[in-house]
Amino acid sequence: ITQGFRWAADIAQNYHADHFIWDNGGLGVALQREAKEIFADKNMHIYSFFGQGQVDYPEHLFESMKFTTASKNNRKNSEVFKNKRSQYYFNLANMIYSTFQAVVNNVYTDPDKLISFSSKIHNLRKLKSQLAKIPRIYNNQNNLEVGNKRYIEQKKIPSPNEADALMMSLATGNRRSVSVVVPKSMPSYMQNNMGKIFNGHA
């Protein structure tokens with residue numbers, strides 16, 4: 001995992017990225033020291049994303065989402081979302097749906113709440129497939145929740161590496177300028193074990 005993390009970090013530095021974010025769940029928790037060493041003298045925002053942790057902006061009132069009719073009026077983010085992973089996947093889904101409404105039905109939406117995907121993304125079809133397969137979980141607490149990695153593995157859904165990278169990029173707080181780089185090639189030792197040993201995303 002350390003080799004994979006350094007590989008991703010090198011790509012981020014070659015692209016002069018403003019942000020570097022990685023999945024802090026599971027094996028990723030051991031990469032904190034590695035990150036401090038690699039980026040010690042770099043002008044880059046470093047963020048470890050713990051999907052099962054507390055939501056961001058927990059005290060903010062939940063903003064209604066156009067694609068769901070669930071009633072969450074006057075509830076805080078901490079009362080609506082099960083965890084941080086769920087928060088950002090639902091935010092991403094809302095951005096995609098809002099963009100669809102704006103483009104197809106000419107419904108005005110704040111541009112900062114829209115999203116676009118470059119047609120030049122070499123694995124765009126794979127990304128779209130992964131996003132479509134992220135499972136929603138219905139729970140007794142009436143929270144908005146998506147399946148975690150263990151649930152996805154149990155359901156034998158392919159690991160959504162690209163989708164997770166896109167979802168986590170929203171947590172940087174700079175949505176307008178964030179781009180997600182997914183390299184076309186990777187070291188041979190990673191090619192057959194991507195989901196097992198690589199938790200870093202550039």
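Modeller: Happy to! A patch is made of residues with over 30% relative accessible area and no salt bridge, and nonpolar side chains are joined within 5 Å. Keep in mind that this is a predicted model.

Colleague: Got it. Which residues make the nonpolar surface patch?
Modeller: Ile-96, Phe-117 and Ile-121 make a nonpolar patch of about 200 Å². Ile-121 sits in the loop between α4 and α5.

Colleague: Is Ile-121 buried, exposed or partly exposed, and why?
Modeller: Ile-121 counts as partly exposed, because its relative accessibility is 31%.

Colleague: Let's go inside. How many residues are in the largest nonpolar core?
Modeller: It has 25 residues, and those with the most contacts inside it are Phe-49, Phe-81, Tyr-89, Leu-92 and Met-167. At least two residues each come from β2 (45-49), α4 (84-105), α5 (124-132) and α7 (161-169). The largest share, five residues, is supplied by α4.

Colleague: Last one: why is α7 described as largely enclosed?
Modeller: Nine of the nine residues of α7 are buried, so the rest of the structure largely encloses this helix. The buried residues include Met-167, as well as Asn-161, Glu-162 and Asp-164.

Conventions
Residues numbered from 1 in each chain as written. Predicted model: local features only at pLDDT ≥ 70, side-chain atom pairs only at ≥ 80, totals over all residues. Heavy atoms only, no water. Core = buried A, V, L, I, M, F, W, Y, C linked by side-chain atoms within 4.5 Å. Buried < 20%, exposed > 50% of the residue type's maximum accessible area, 1.4 Å probe, protein only. Helix = DSSP H or I, 4+ residues; strand = E, 2+ residues; numbered from the N terminus. Patch = residues over 30% accessible without salt bridge, like charges linked within 9 Å, V, L, I, M, F, W, Y side chains within 5 Å. Areas by Shrake-Rupley, 256 points an atom, 1.4 Å probe, with all protein chains shown as cover. Salt bridge = Lys/Arg side-chain N within 4 Å of Asp/Glu carboxyl O.
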